[in-house]
Amino acid sequence: MRKNIFLYLFVFAALIALFLLMKGNKTAKTSTEKIEALENEIATLKDSTEKLQFRLMDMQYFSLENNDDALAYYDHLNLENPTRYIEDKLLETNEAKGDNPLVPYAGMESDFKINKIKVLNHKWLLADFSDGKYWGDLVIKYELKDNLSVDFTLMDHLLYTRSNN
């Protein structure tokens, strides 16, 4: 009888060990598949990040901040951030009552105001304007003087037409 108990215990222990071995193999396989999937996702995300960095560099090509030759024109002014200064001066033109004086259109829904600005170099900038419903773009020539005043001259403009969708 004692022999049978040991035999049953041995068979029971062997079955438990077999069960644990099979479960461990399945868990290891699942974990390996998850790790491989995550590694593939990481590689894809790194590639996407690299592509976005290249795209960002392309987008910043025409930018005063990244143009040392253009920034050299403002070295004597000791401005910490010439781009921000020029943008602020242009946004100050929005403070006038009514339409912005640089926008050659009369506002239809409300007054046309400048929203976004892209300073291209030491002479030109692009600006977006809107009245809340209608919008357009401006090409502006500017001159930052030694007394830190800025003269803006409208070079070209575009008002987008609305489609009846």
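The side chains of Glu92 and Lys89 meet in a salt bridge, with N and O 3.9 Å apart. A salt bridge here is a side-chain nitrogen of Lys or Arg within 4 Å of a carboxyl oxygen of Asp or Glu. By this rule there are 6 salt bridges. The model is predicted: local features need pLDDT of at least 70, side-chain atom pairs count only at pLDDT 80 or more, and totals for chains, interfaces and linings use all residues. Residues are numbered from 1 along each chain as its sequence is written, and side-chain values use heavy atoms, with hydrogens and water left out.

**Salt bridges**

- Side chains of opposite charge can pair when their charged atoms come close.
- Glu92 and Lys89 sit 3 residues apart in helix α3, so about one helical turn separates them. Helices (H or I, at least four residues) and strands (E, at least two) are DSSP runs, numbered from the N terminus.
- Glu92 is partly exposed, at 41% relative accessible area. Lys89 is also partly exposed, at 25%. The classes are buried (under 20% relative accessible area), exposed (over 50%) and partly exposed (in between), with a 1.4 Å probe and protein chains only.
- Arg84 and Glu87 form a salt bridge at 3.0 Å, N to O. These two are 3 residues apart in helix α3, about one helical turn.
- Arg84 is partly exposed at 39%, whereas Glu87 is buried at 14%.
- A network of salt bridges links Arg84, Glu87 and Asp88.
- Lys51 is exposed, with 55% relative accessibility. Asp47 is partly exposed, with 38%.

**Aromatic pairs**

- The model has 4 aromatic pairs. Rings of Phe, Tyr and Trp (its six-membered ring) pair if their centres lie within 6.5 Å; planes under 30 degrees apart are stacked, over 60 edge-to-face, and the rest tilted.
- Tyr105 and Phe129 are stacked, with centres 6.0 Å apart and 25° between the planes. This pair links distant parts of the chain, 24 residues apart: Tyr105 is in the loop between α3 (82–92) and β1 (113–119), and Phe129 is in strand β2 (residues 124–130).
- Tyr105 is partly exposed, at 24%. Phe129 is buried, at 0% relative accessibility.
- Phe112 and Phe129 form an edge-to-face pair, because their planes stand at 90°, with ring centres 5.1 Å apart. This pair too links distant parts of the chain: Phe112 is in the loop between α3 and β1, 17 residues from Phe129 in strand β2.
- Phe112 and Phe129 are both buried.
- One aromatic cluster holds Tyr105, Phe112 and Phe129.

**Nonpolar core**

- The largest nonpolar core has 22 residues; Ile86, Leu90, Ile114, Leu125, Ile140, Tyr142 and Phe152 touch the most other members. A core is a set of buried Ala, Val, Leu, Ile, Met, Phe, Trp, Tyr and Cys residues joined through side-chain atoms within 4.5 Å.
- Elements giving two or more residues to this core are α3, β1, β2, β3 (135–144) and β4 (150–159). Strand β3 gives the most, with 4 residues.
- Ile86 contacts Leu64, Tyr74, Val119, Leu125, Tyr142, Leu144 and Phe152, leaving aside neighbours within four places in sequence. Contact means heavy atoms within 4.5 Å.

**Loop residues**

- Leu120 lies in the loop between β1 and β2. Not counting residues up to four places away in sequence, Leu120 touches Phe62, Ser63, Leu64, Leu125 and Leu126.
- Asn94 lies in the loop between α3 and β1. Asn94 is buried, with a relative accessible area of 16%.
- Asn94 touches Asn100, Lys113 and Ile114, not counting residues up to four places away in sequence.

**Nonpolar surface patch**

- Leu7, Phe10, Val11, Leu15, Leu18, Leu21 and Met22 make a nonpolar surface patch of about 730 Å². Patch residues have over 30% relative accessible area and no salt bridge; like charges are joined within 9 Å, nonpolar side chains (Val, Leu, Ile, Met, Phe, Trp, Tyr) within 5 Å. Accessible areas come from the Shrake-Rupley method with a 1.4 Å probe; for residues, only the protein chains shown count as cover.
- Leu18 lies in helix α1 (residues 2–59). Leu18 is partly exposed, at 47% relative accessibility.
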